[in-house]
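Here is a short briefing to read alongside the model. Take a moment to look it over, then follow the points below.

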Amino acid sequence: MKVIRTSQPLNDRERNACLFKGDLIIFSQIPAMLELQREMDELIRAHLGDRASLSDLFRSDPQRFAAEMTLLQTSFYKTAQMRDLFMNALEQSGMSIQHNYADKLFLRCVPPTRDSNSQFRGSIGYHRDTWGSNIQHQINWWSPICPISDGNTLTFYPHYWSTPVANTTADWSFEAFRRARQRAQAKSVDAQIDYPYAPQAVEAVSDEGVNLLLDPGDLLCFSSAHLHGSSAEPRSGFRFNLEMRSFGEEDVDWDIPPENVDNAQSQPNYHWFNRISDGAKYSQ
Ligand SMILES: [Fe+2]
């Protein structure tokens, strides 16, 4: 697994030829990403105050913190400018947004604790994103909103690029997740969903993993077939990041996606994705 850092755009083919071999690409200091980072910084400050005091608020008044996080997430999803800037950043990295399909742009907040909280879309264990979507040529986009360190970033497990990990893909169902989510929403806005939102690993990994460091304004992309997760020891402060998944229409017929080593699902979930340029559904 090579980590390629570049300030030059790469077109879809050039980029994916690297990603599908298992390499990671960091597009450095993309102008639209820097602008988005400044907007996000202001939004976070408006809801949660100064970043330096976030940990105090999280520990002293967890209920208020959770309420403000909910409001922050709502503001973020209502502000079209955030998604527009992210799409500009993708174009500035060289992507053709007329020929690529993406899911929703997510804002994740990972507090400095091992406890996960679905409300924040918090810390998650190791997984492959392809386990959920079952689209082998899918790729991930990821960018930190504030400075990150070894303890609160993404960890990759390159040994498992070609090594299977026991998992629940044979039994997991998106429909079952959807029903569980509806049941939880019927109870209250912050009720826990009693079904995993994606298939889970069911064995421990032997690899320590590689923590990846990048700066706000940088945009990371990697194959969704990579085993990855949040840093195992999130002791060094909050992490806010933006993330999205995509695939290219021509990749569907391009015969070099990463090998499927352990996903037992049979149907790809193309219906989760919309064309980036105009929101059209993908039709095979
Ligand atoms: Fe992931």
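**Overall picture**

Buried residues make up 33% of the 284 residues in the protein chain, where buried means 20 or more other C-beta atoms within 10 Å of a residue's own, with C-beta atoms placed from the backbone. This is a predicted model: local features need pLDDT of at least 70 and side-chain atom pairs count only at pLDDT 80 or more, while totals for chains, interfaces and linings use all residues. Residues are numbered from 1 along each chain as its sequence is written.

**Fold**

- The protein chain has 7 helices and 11 strands, taken as DSSP runs (helices H or I, at least four residues; strands E, at least two) numbered from the N terminus.
- Strands β1 (residues 3-6) and β2 (residues 24-27) pair in the parallel sense over 4 bridges; pairing requires at least two DSSP bridges.
- Between β1 and β2 the chain passes through helix α1 (residues 12-19), in a β-α-β crossover that is right-handed (clockwise from the first strand over the helix to the second, with the strands pointing away from the viewer).
- Within this pair, threonine 6 stands opposite phenylalanine 27 in β2.

**An open helix**

- Of the 14 residues of α7, 0 are buried, so this helix lies largely in the open.

Key:
Buried ≥ 20, exposed ≤ 12 C-beta atoms within 10 Å, placed from the backbone.
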